[in-house]
Amino acid sequence: MHGRPRKPLKPEDAAASAAKAEKLRVLQSQFLHNHHNHIYSKEAVELSTKLLETNPELYTAWNYRKLAVQHKLTENDSDPDSLKSILDEELRVVESALRQNFKSYGAWHHRKWILSKGHSSIDNELRLLDKFQKADSRNFHAWNYRRFVAASMNRSEEDELKYTEDMICNNFSNYSAWHNRSLLLSNLLKRKVEGFVSKEKVLPDEYEFVHQAIFTDPDDQSGWFYHLWLLDQTVRVDSPQLVSSWPTPGSDLILLGDRCLDGCASSPFTRFHLDSRTFPLVLYFNQAVEGVNSSTITVDSELNTNKDLVWKPLSSCNSKAAQVWVTQLNLPDGNTHSSKVFPVEVSLGHSQGIISSSGFHYSNPFCFAFRVSLQFVETQPVEALGKEIISWRDESFHNYNAHSQDSSPISSLYQLSIKNDNELTDFEWRAATIAKEIDHFRELLSLINCKIGKLTLARLLMAHDAMMCPPANKISHSEEVLELYNDLMRLDPTHVQYYKDQHSLVLLQQVTSNWESLLSRCFHYSNSPSNRGSPMCLQLKNLSLSRLGSFDKLLWVQMLDLSHNELRSIEGLEALQLLSCLNLSNNILGSFTALEPIRQLKSLRALNISYNEIGAHSIDTTKYLCSSPLSHSVGSEWNHGQTVIDDDIKSYWEAYFILKGLNLTQFDIVGNAIVNEKFKSFLIKVLPGLKWLDGEQLH
Amino acid sequence: MQRNNSRDAAHRRRWQRCSTAVAATTEMRGAAVVMQKTETLTKKEEHLLLPNAAIAIVPLPDATAPAHLPLLCRQPSAQPPHPAHSFGGGFRFYHLKELCHLLRSTNSFEAEAGRLMTGNESESELPVPPYPPIEPTAFDLIVIGTGLPESVISAAASASGKSVLHLDPNPFYGSHFSSLSIADLTHFLNSHSTPSSVCPDPLYSDVEISNYASRLLSQHPRNFNLDVSGPRVLFCADHAVDLMLKSGASHYLEFKSIDATFMLDADAKLCSVPDSRAAIFKDKSLGLMEKNQLMRFFKLVQGHLSLDESEENDVRISEEDLDSPFADFLTKMKLSHKIKSIVLYAIAMADYDQEVSEYVLKTRDGINRLALYNSSIGRLVLMFQNALGALIYPIYGQGELPQAFCRRAAVKGCLYVLRMPVISLLTDQNSGSYKGVRLASGQDILSHKLVLDPSFTVPGSLASSHQQLQESFQAFSLSDNKGKVARGICITRSSLKPDLSNFLVIFPPRSLFPEQVTSIRVLQLGGNLAVCPVGMFVLYFSALCDEVNQGKKLLHAALSALQKLLVTGTAGNSSTAQSEDMEEAKPTLLWSALYIQDLSLGQFGSIISTPTPDGNLNYNDLLDATEKLYWKLYPKEELFPETTSSPENSEDDAGLTLES
């Protein structure tokens, strides 16, 4: 039960438990003997009964009883009476075991198993449950079993919903009851049962209900959890949406060949250096989807006349679902006239097939177009990427003065998301609900200093901003949210990492929210200031970022400086398919596995991971979260035949796994614990195209 | 009534058993059957008698047997009795409640029982001769009056081995703490409000009794148990409950919880009193911020109470705050006006207007009252799963309480004689100190100590000459009282709240009229507490007052407010005109009694006088005073020491039973 302090055993209690243990040992060895010899006699089964009634935790004994029941059932196949008595005896044993410990997994599971045989009456089960739920109303085993019983006896979900309401009214500090309520409501809403047809009708009452708990006792967490669920229900749009793409709709793309014309009169944001015969088409959805392929997405263009496009999901694990999908469009062979313009039209949603992981279909037919022009000019060589060493020093970067012809690569994204939202009334109540919640929690926070209240307010404000985009006339709340997270970091040091992550995400959202703020962080990269054909770099350094986000608005980025932050992971970075130069120096990346997303960045040429903590930690905690060569998900890619450098792979398999597919010309890794001469020579072997390692030219 | 007695130890033990049975029977009041038994009880009989509170009905050949005794023995065989234990010799043992039920449900009995009742009532003024002699003639302690304080003292003295004679001139137990039928209550109030030679300064005054439905009420002559000292409830964690559990008196009692508390708000509507976390959660009338403020205040109090005195902590309420008025502290805690009223008058149960009157509750005391309330809720939840309220009420009325203690006393050997007035006091010729009493039967009984119900004035014929004793009598005089309490009782046909029957209503100061300085507390009880027939309700209300006119004004204001609430409560959605018609056709108010009671505290001299029923909702102050008196009486004795837990005590330590 709850709230009971743990006390050390008194000597006499200790002696008693020792005696009990001794007794149990004897019983157990006898029992195991029976089990191994498949003895299912009356005495043997009774022995297991005795054992389980003292120690219900013995899973083996429950399994033995299952075997014994099967054995007896085959013997008494025809007689329904003896069949029933066998099962009733099992139910009795389970009940007395549960009296001993009402949180015994094995016992509850055994009961389910017996009932699934279908010969016992289920009516008694609710009575039993009432007893257990009275003894401990929060016992999640009982609640779990209750769901099973309610489903087997076809008890209506409305009745169960009423039951959770009663339990919550008795004592609202009942996470299990709130949780069951959320499950029941989700089902009712999904099935569109009468009275539960629209969220608009159901959720306001639920908000009202949970407010009573939250405001009465803000220190109690159970209500807050339910509120979080409600918020999610309010904000979530079930069907997947396309939120951004590259190239952006309506854009004019200029692809530069190996040699680039100096003084090109186009915007640096739509100009793209090309060193292969393909360029990517990226679709960014608001949630992970499956089924993106040449039949669900039609690409109409001269660029790919002959064959079907292959769409690849960009996700860290080899799952079939991903938020970001990419395909490569082929450029025509041979030298084409520089004036040639290729229109491309992409349409999706005209046939079903794109489906979210929760089973909702992409349902908004949508079509967008962009134009690609090629420029292959063979004049003087300029500093194209990979031809010269990239210097990340400040003097290499110059303020960029925006030009009138610079069309924003993100402006059209908002139109994209708004156009898709055809349920306008739905949108209105969602926005109104969030606004109301914000008012409530502002009021609460004016009275008390409450950590979870601040967190909830921050989440609400972000949800509000997300809903209100584009923030045309609305004032964005990001400053307030950042302040809230700063507060929380001070108030609640235990969860500082989480708050830091959230803070980073909000900060990135703020930076990317409009074109002006993005432009202020864009710099020309050039060793010689006169050169206007040089690439554009987005600088996000020194922002204390611990997590990355807002990738949907950064798909155009080719050069990114994330140095001097607090990054441990670069999860999600794989979406930036155009990225060719990446600076991650002076972060706290702890291992190569943390760099997993760069495996998908095929155009990456220059990578700087100097001054991180790679190799500094003997235990790599990210290894268990990310895929590794040993995990099944990437097994197919791991070809043992290729391994020419066996010894080094054994020592540096993580590095090998991350780097081997990359075509890096420049790599900086100085300032990491892992670096030594052996490692450097390994790098040279694994990266054959490498020209500069830690600033030194290789031969 | 003849009592067997002997100084012989063996006889004494037997006597105890008999007196238990007698105590059990007397709970039936007039209809009770007296048991007479000369032979020693067997083990088996004893078992049936003591723990189960059974009653033995014995046909007696003896001429001294009361005339109504054969009545129960004539139990028609065609209608078998409720589960009863019968064994040889023509005894039948009934459980007490079964017997009550039997009497109430069987018409043939009701008539005769009724006759017997009235017979007793007529006898109540003067004892019926001949008086059987009482043996022995000397006791450690004589107690006169069977009110709660007297009963507790006699039970405690008996439990610690003193020989006690407990007398009452009334034919029933409880004195001013009894629960009576309409006729008995009328008679009791009238007889105790008219000055007489015996009682020159009566306890009650200005008794106004109105009967609006005499025909209907006369159909239920025995179905009412009206408390003389209502409204009164027990807090689950209060002193009375502790004493009942400690003494074992809880074995004879059953309780039900009071379902809710309401307060009259500024709009003259009843709003619920959120007294617990769950109640705050469920309350629909409070705003979200109010809920938050109230809960935080409760938590502050809880945090304060759970900390040690010595601990310096910001959770503790500062000494400065503890000494400030509670109302100011609540304001400091930013509680809204409405919540302040709720905390002050409906939870801390403050009597006087905390803003204008001089009787201001200190924060320290307010917090202690909240603590009692809070631990009452906790205690109930621990003991009884379904009871969530803080307050309980004994089934069959408050009169059960003194009776339970009397039965406890009887089990421990106390001798009970009802309908036995004392006519004079005996004093020592030389020292003038108290010696004993002379009974109406003419018998002289000696004792070391005497405890008196406050309404009794003993004509000191034998002691009048002695200065010392006279002085001590003056100390008992009721003229130096501390004030008055105005009490009212209503019987109605409908509840103030359609879906609830047992609840408390608070009319805080100034809620009824601007000059109302004291809080009026109303307790509504329904038929399921066996205080009235099912379908009717009894409403008790009381308020403190300084003088009679003020008290009468409070009572009348309360009565009219209640009638207004009854009308609006029953009318529901129908139009006012319609409901008025209905009211005319069928009056909701059936009967009412309004009276003013004097208050006095207990006094200690060579003779002890117990306190009158006070104006509080519970017995805490009364029992504290009683305990002090007992300690002065027997300075070395503990009140119901826990160590002497007798076997019947340990049988079930949660002897308090409660139906929900």
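Are A:Glu596 and A:Arg599 buried or exposed? In this predicted model, A:Glu596 is buried and A:Arg599 is buried as well, and the side chains of A:Glu596 and A:Arg599 meet in a salt bridge with an N to O distance of 3.1 Å.

Chain A comprises 699 residues, of which 52% count as buried, and its secondary structure amounts to 19 helices and 19 strands. Among the contacts in chain A with a separation of 6 or more, 68% are accounted for by residues 24 or more positions apart. The accessible surface of chain A is about 33,100 Å², and carbon and sulfur atoms contribute 51% of that surface.

Over all chains, the structure holds 42 salt bridges. One of them joins A:Glu160 to A:Arg146, with the closest N and O atoms 2.9 Å apart; this pair links distant parts of the chain, since A:Glu160 belongs to helix H8 and A:Arg146 to helix H7 (residues 140-152), 14 residues apart. Both A:Glu160 and A:Arg146 are buried, and A:Arg146 also lies over the face of A:Tyr163, at 3.5 Å from the ring centre. A:Lys454 likewise forms a salt bridge, in this case with A:Asp487, the closest N and O atoms being 2.7 Å apart. Because A:Lys454 lies in helix H14 (residues 451-468) and A:Asp487 in helix H15 (residues 478-491), this pair ties together parts of chain A that are 33 residues apart in sequence. A:Lys454 and A:Asp487 are both buried. A further charge sits over a ring at A:Lys66, whose charged end is 5.9 Å from the centre of the ring of A:Trp113.

The contact between the chains draws 22 residues from chain A and 17 residues from chain B, and the area buried between chain A and chain B is about 1,700 Å², with carbon and sulfur atoms giving 59%. Four salt bridges are counted between chain A and chain B. In one salt bridge, the side chains of B:Lys299 and A:Asp217 meet at 2.5 Å, N to O.

B:Ser272 is located in strand S12 (residues 270-272) of chain B and, because its relative accessibility is 28%, counts as partly exposed. Leaving aside residues up to four places away in sequence, B:Ser272 touches B:Thr261, B:Phe262, B:Asp283 and B:Ile342. B:Ser272 and B:Asp201 are separated by 71 residues in sequence and by 41 Å in space, C-alpha to C-alpha.

Note on methods. Residues are numbered from 1 along each chain as its sequence is written. Chains are lettered from A and ligands numbered from 1 in the order in which they are written. This is a predicted model: local features need pLDDT of at least 70, side-chain atom pairs count only at pLDDT 80 or more; totals for chains, interfaces and linings use all residues. Side-chain values use heavy atoms; hydrogens and water are left out. Helices (H or I, at least four residues) and strands (E, at least two) are DSSP runs, numbered from the N terminus. Buried means under 20% relative accessible area, exposed over 50%, partly exposed in between (1.4 Å probe, protein chains only). Contact means heavy atoms within 4.5 Å. Accessible areas come from the Shrake-Rupley method with a 1.4 Å probe; for residues, only the protein chains shown count as cover. A charge sits over a ring if NZ of Lys or CZ of Arg is within 6 Å of the ring centre and within 35 degrees of the ring normal. Buried area is the accessible area (1.4 Å probe) that two parts lose on being put together, summed over both.
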